[in-house]
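Let me put the structure up, and then I'll talk through a helix pair and the ligand site.

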Amino acid sequence: MIVAGGYGVGSLANFKLLFELAEVLGGEVGATRAAVDAGFIGHERQIGQTGVTVRPKLYIACGISGAVQHRAGMDQSAKIISINTDPKAPINAIADYTIIGSVTDIIPKMIRYYKANSK
Ligand SMILES: Cc1cc2nc3c(=O)[nH]c(=O)nc-3n(C[C@H](O)[C@H](O)[C@H](O)COP(=O)(O)OP(=O)(O)OC[C@H]3O[C@@H](n4cnc5c(N)ncnc54)[C@H](O)[C@@H]3O)c2cc1C
């Protein structure tokens, strides 16, 4: 499982939420080039045309618009969940599930509910 963050995650501090979710799920953290360029995370985690290509069972795209150069590295994921404040974000067109809302509201809830419902 990969929890990937984009520019919409907003800050280095908010990226910690993604690491927390990835840890409870037993997954890893990835990012877009815009998040790397903003200094939220290192380039080694960049996914896409000029990063790595991934094909996880679950890809949770957080604050990612879904540019073609990003999609090239992740569109073969088995299931995609998008979390975005914009219902019209292009990533939603390839997502199996879309959650409309801010990553800072949604991710803490996902962590809480996952912990409460897993044995
Ligand atoms: C030659 C070339 C190679 C490239 N290679 C890559 C590559 O390898 N990988 C890559 O990723 N990009 C690559 N890019 C860049 C790519 O074109 C995009 O600019 C980049 O993917 C956009 O990143 P983003 O989705 O994080 O940012 P944005 O496009 O800025 O999208 C941010 C998204 O966050 C949403 N948002 C904002 N606030 C919140 C919030 N609080 N909660 C939830 N959602 C929110 C917005 O609605 C928006 O959809 C390349 C570009 C070029 C020209």
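So, let's start with helix H1, residues 12–25, and helix H5, residues 103–117: in this predicted model, their axes come within 10 Å and cross at roughly 25 degrees. Angles under 35 degrees count as roughly parallel, so that's what we call H1 and H5. As for handedness, the H1 and H5 crossing is left-handed.

Which residues make the contact? On the H1 side you've got Asn-14, Leu-17, Leu-18, Glu-20, Leu-21, Val-24 and Leu-25. From H5, it's Thr-104, Ile-107, Pro-108, Met-110, Ile-111, Tyr-114 and Lys-115. Sort the residues of that H1–H5 contact by type and you get 10 nonpolar, 2 polar and 2 charged.

Okay, on to the ligand. How many residues are around it? There are 26, and the ones that come nearest are Tyr-7, Thr-32, Thr-50, Ser-65 and Gln-69.

Now a few polar distances, if you want to click along. Take Gln-46: an N or O atom in its side chain sits 3.0 Å from an oxygen atom of the ligand. With Gly-63, a polar backbone atom is 3.0 Å from a ligand oxygen. And for Ser-102, a polar side-chain atom lies 3.0 Å from a nitrogen atom of the ligand.

Note on methods
Residues are numbered from 1 along each chain as its sequence is written. This is a predicted model: local features need pLDDT of at least 70, side-chain atom pairs count only at pLDDT 80 or more; totals for chains, interfaces and linings use all residues. Side-chain values use heavy atoms; hydrogens and water are left out. Axes are lines fitted to C-alpha atoms, for helices over the stretch in contact, and angles run from 0 to 180 degrees between N-to-C directions. Helices (H or I, at least four residues) and strands (E, at least two) are DSSP runs, numbered from the N terminus. Angles under 35 degrees count as roughly parallel, over 145 as roughly antiparallel, 65 to 115 as roughly perpendicular and the rest as oblique. A crossing is left-handed if the near helix is turned anticlockwise from the far one by less than a right angle, and right-handed if clockwise. Contact means heavy atoms within 4.5 Å. Ala, Val, Leu, Ile, Met, Phe, Trp, Tyr, Cys and Pro count as nonpolar, Asp, Glu, Lys and Arg as charged, and the others, Gly among them, as polar. A residue is near a molecule or strand if one of its heavy atoms lies within 4 Å of it. A polar contact is a pair of N or O atoms within 3.5 Å; within protein, one must be able to donate a hydrogen and the other to accept it, and residues adjacent in sequence count only if both atoms are side-chain atoms.
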